[in-house]
Amino acid sequence: MATLITNIKELLQIRNHSVSKISGSEMKILPTLKNAFLIIENGLIKDFGNMKDLNGIVVNKVIDAKNKMVLPAWCDSHTHIVYAGNREGEFVDRINGLSYEEIAAKGGGILNSAKKLQQTDENELFEQSAVRLEEVLALGTGAIEIKSGYGLTPEAELKMLRVIRKLAKHYPISIKSTFLGAHAFPETYKTNKEKYIDLIIDKMLPQIAEENLADFIDVFCEKDYFTTAQTEKILKTSEAYNLTPKLHVNQFNSIGGVKLGVQYNALSVDHLEVMLPEDIEALKNGNTMPVALPSCSFFLGIPYAPARAMIDSGLPLALATDYNPGSTPSGNMNFVISTACIKMKMTPEEAINAATINGAYAMNLSKTHGSITKGKKANLIITKEIPSYNFLPYAFGSNLIDSVIIDGKQVSY
Ligand SMILES: N=CN[C@@H](CCC(=O)O)C(=O)O
Ligand SMILES: [Zn+2]
């Protein structure tokens, strides 16, 4: 089963296999090929090149991409798309003057979502989450990480992780699953926080490992959530289960989460809205990918991660949505790259590198995703007719996607 895409105005992000992430000044370079073809076979990228070198090949399907661009599908390495209900009431509370932290202190926020999720059965949770997954697929996302963390009881956390597994079975998109039991302290443990940590360590982690429900472990390491000592206790235990950390750090305060993440070989540290010079220094000493979530900054009106400072000091950077009901009710990676350029002063090349190959790295998927490379998955975006790739972040809010190809097949949701 072969498909040929012809007359591609510009094929973006062509790389050889050995590139797993792009750092520092190299992020300004986006290798491309003009007037290109691309051949897909068995769901993989078989070949690509200049149209003048295309010779009589027999295929089942031809897609004419005249005046259109082709690029790897977005790699969204940080989402919470499995949740029940929404929190638009809190959105209005914030418009009327309450802060995100004040809403959480009143029992809203993550605990509000946990209450809703605990009361929602697994099938209903799957249906609600599938709507969001189909939405982001149509927006060009071809690989996604999904976290638990709105359960906060052993039963409800496992329910979330099973829904993630079921989504992975039902949809062609590549899905990685992260256990985030340490997202917030349930009300009943507010005065005995160590007991909740014990519940995570003694009850949740062993069962998750037994059912093989998670690829990664996450902790919300933040003032009023989990301290660095509590985070470390969880990370130490999860090493025995082979769960690589991906951490929520530095969203509101810098309390040492970045350094701890690097020390525990975290695959990524995410949010980073508040970064001290020592946080940037710590990232230089490891292979941990910093991940910025500009839609969260946009929605909450909090600072943007200092992308320029990180990239200019030689670090890599990935971009993700953080799609969740409280801080970022949007899974649109196209908006993320626009916002990164407009608000974080990333160039279009840097933003596209951050949302493709570096996003893949932050999910441990860069061998198979995130670039136009022979043998990688044919997860592709075909754009509408656009004058240049700069148009993608420039024309923010417009839908510039003509079609999305996942595993070699055009998807329609
Ligand atoms: N900050 C922690 N967790 C989510 C938001 C959770 C919520 O408000 O429901 C985030 O990444 O922004
Ligand atoms: Zn998050």
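How many helices and strands make up the secondary structure of the protein chain? The count comes to 15 helices and 16 strands. Keep in mind that you're looking at a predicted model. The protein chain averages a pLDDT of 97, and 100% of the residues score at least 70. For the model scores, ipTM is 0.99 and pTM is 0.98.

**The overall fold**

Let's start with the whole chain. Its C-alpha trace spans about 70 × 45 × 45 Å along the principal axes. A compact globule of 413 residues would have a radius of gyration near 22 Å, and the protein chain has 21 Å, so the two agree. Of those 413 residues, 59% count as buried. Now take the contacts between residues at least 6 apart in sequence: 74% of them join residues at least 24 apart.

**The zinc site**

Next, find the zinc ion (ligand 2). Which residues coordinate it? They are His 78 (NE2), His 80 (NE2), His 248 (NE2) and Asp 322 (OD), at 2.0 to 2.3 Å. Written as a sequence pattern, the donor residues are spaced H-x1-H-x167-H-x73-D. His 80 and Asp 322 link distant parts of the chain, 242 residues apart. You'll see His 80 in the loop between strand S6 (74-76) and helix H1 (88-95), while Asp 322 sits in the loop between strand S13 (318-319) and helix H12 (333-344).

A search of the whole structure finds 10 aromatic pairs. Two numbers describe a pair of rings: the distance of the centres and the angle of the planes. Here are two of the pairs:

| Pair | Centre distance | Plane angle | Type |
|---|---|---|---|
| Phe 91 and Phe 299 | 5.4 Å | 15° | stacked |
| Phe 298 and Phe 335 | 5.1 Å | 70° | edge-to-face |

Why is the pair of Phe 91 and Phe 299 called stacked? For Phe 298 and Phe 335, the cut-off is over 60 degrees, so planes at 70° make the pair edge-to-face.

Each pair links distant parts of the chain. Phe 91 in helix H1 and Phe 299 in helix H10 (residues 294-300) are 208 residues apart. Phe 298, in helix H10, and Phe 335, in helix H12, are 37 residues apart. Phe 91 is partly exposed, with a relative accessible area of 37%, and Phe 299 also counts as partly exposed, at 22% relative accessibility.

Elsewhere, Phe 185, Tyr 189, Tyr 196 and Phe 226 form one aromatic cluster. Rings can meet charges as well. The charged end of Lys 166 sits over the ring of Phe 126, 4.8 Å from its centre. Lys 246 lies over the face of Phe 216, at 5.8 Å from the ring centre.

Most residues other than glycine have a negative phi. Asn 67 has a positive value, with phi near 70°. Look for Asn 67 in the loop between strand S4 (61-64) and strand S5 (68-72); at 34% relative accessibility, Asn 67 counts as partly exposed.

Leu 152 isn't a glycine either, yet its phi is positive, at about 65°. Leu 152 is in the loop between strand S7 (141-147) and helix H5 (154-170). With a relative accessible area of 2%, Leu 152 is buried.

Technical notes. Residues are numbered from 1 along each chain as its sequence is written. Chains are lettered from A and ligands numbered from 1 in the order in which they are written. This is a predicted model: local features need pLDDT of at least 70, side-chain atom pairs count only at pLDDT 80 or more; totals for chains, interfaces and linings use all residues. Side-chain values use heavy atoms; hydrogens and water are left out. Donors are N, O and S atoms within 2.8 Å of the metal (3.2 Å for Na, K and Ca); water is not among the atoms, so sites may look incomplete. Helices (H or I, at least four residues) and strands (E, at least two) are DSSP runs, numbered from the N terminus. Rings of Phe, Tyr and Trp (its six-membered ring) pair if their centres lie within 6.5 Å; planes under 30 degrees apart count as stacked, over 60 as edge-to-face and the rest as tilted. Buried means under 20% relative accessible area, exposed over 50%, partly exposed in between (1.4 Å probe, protein chains only). A charge sits over a ring if NZ of Lys or CZ of Arg is within 6 Å of the ring centre and within 35 degrees of the ring normal. pLDDT is the predictor's confidence in each residue, from 0 to 100. The radius of gyration is taken over C-alpha atoms; the globule rule is 2.2 Å times the number of residues to the power 0.38. Contact means heavy atoms within 4.5 Å.
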